[in-house]
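Student: I would like to learn how to read aromatic residues in a model such as this one. Could we go through a case together?

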Amino acid sequence: MHPLESRLNPPGRSSGPSRFLNLRALSALALAGSLAACNTVVLDPAGDVARQQGDLVVISTLLMLLIVVPVMSAVAIFAWRYRASNKDARYEPDWDHSTQLELLIWTAPLLIIICLGAVTWVSTHLLDPYRSIGRIDARTAVAADARPLQVEVVALDWKWLFIYPEQGIATVNELVVPTGRPLQFKITSSSVMNSFYVPAMAGQIYAMPGMETRLHAVMNEPGKFVGLSANYSGAGFSNMRFAAHSVSEDQFAKWVGKVKASPMQPGPIGEAADDPLKNAPPPRPVGGNLDRAAYLELEKPSEKVQVIRYSSVAPDLYDAIVDMCVEPGKMCSSEMMAIDARGGLGKAGIRNVSMLEYDKNGRAEGSKATANPNDAVRKELAWVRALCRQIPGAAPDGTIKAPADMRSLNGAGLAAPQSIGLGDERAAPAARTSPVEHISLNSRN
């Protein structure tokens, strides 16, 4: 053996290429193992809306692969066919144009883009989160007399509050919904922008303070799923998760009865506490009635919050959260807009409004100013409050009517988007209500 070769490959040691191949094999196995542990809930969800969104991802990927695969294959074929060692390849240094090749190169991608655009346009409006669902699954349409379960969602720092207005209960970091029933979520935030996301149910939608967003969905399979915040919102963001349970109608009714019967909070989250139908550990005296005072305590930033269940809720609490006037003495946003619509208060009213407006950073100062006012301040406050009584205004209903065709990704019977002025004016009458009309009605109270 040559001395240099003997130093590079001494006896008893595998050669360089063999070691390289072994390393590649181990890397491939490690990659395959990591992929096997991936959660495919987005492509195999439990809700029909999320399933249609997953189908859209698959369809779009396949359409793009129709051009990506031939291009990548052509790169490999051309590189091999016209390699330097292939003396049989045709050498045409003066060739510069082919009409047939130009048509192929430009027509194929154009057709793919047209198909992607059509699918995206239709599905974007068909799966609009504000649009009520027209089907439970691909074979079952929503009954004409079916009423969706309403859930009011509030993103807090750093936890989730779920209010069930029809049932008169509320929970923290626990969402329980019946399987096979349409769901309507009203979503807002207490302080910063956040994002409500249950991957197994539907796509994410933002929660913003002073505003309300909507989400319509349905759960088709029972089970326990994960909900989370998909938008960074501060120190406790990574633990801003909650359990989403999909149960039968009977089990949902039993769970509601248990929450109403016990004004207590379950013990630490564990195997029993995670299941809303099992007996929880011994309760602790936290929870009960969720009124404005209890909400202001709950609103304070906290991390890794355990499940809390409230047996009753103040009926106007959610509207006050959206209108940013939960704290006593704070002027509602709708009231302030009503004053502005009437011409405002002028410079003389700046001090009055500043003491009543919602400002999280200046809340303590505002509370001090209105808690024990002197006679002069009391008169000024009375002047402002006399313009309108503090009644939270309800957000306008922007729900869009479900399409007539129940097939996924099919626009038959789908009304045109209202943003371009071609939609059916009868589809969403509440959405046409102007803010001034809404505020004026509220301000007359």
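Tutor: Let us begin with tyrosine 164, which, apart from neighbours within four places in sequence, is in contact (heavy atoms within 4.5 Å) with Leu149, Gln150, Val151, Ile169, Thr171, Glu174, Leu175, Val176, Phe252 and Trp255. This is a predicted model, in which local features need pLDDT of at least 70 and side-chain atom pairs count only at pLDDT 80 or more, while totals for chains, interfaces and linings use all residues. Residues are numbered from 1 along each chain as its sequence is written, and side-chain values use heavy atoms, with hydrogens and water left out.

Student: How many aromatic pairs does a search of the whole structure find?

Tutor: A pair of aromatic rings is described by the distance of the centres and the angle of the planes. Rings of Phe, Tyr and Trp (its six-membered ring) pair if their centres lie within 6.5 Å, and planes under 30 degrees apart count as stacked, over 60 as edge-to-face and the rest as tilted. The search finds 11 aromatic pairs. Among them, tyrosine 164 and tryptophan 255 are edge-to-face, at 5.6 Å centre to centre with 65° between the planes.

Student: Which parts does the pair of tyrosine 164 and tryptophan 255 tie together?

Tutor: Tyrosine 164 lies in strand β2 (residues 159–164) and tryptophan 255 in helix α5 (residues 249–261), so the pair ties together parts that are 91 residues apart in sequence. Helices (H or I, at least four residues) and strands (E, at least two) are DSSP runs, numbered from the N terminus.

Student: Are tyrosine 164 and tryptophan 255 buried or exposed?

Tutor: Buried means under 20% relative accessible area, exposed over 50%, and partly exposed in between (1.4 Å probe, protein chains only); both tyrosine 164 and tryptophan 255 are buried.
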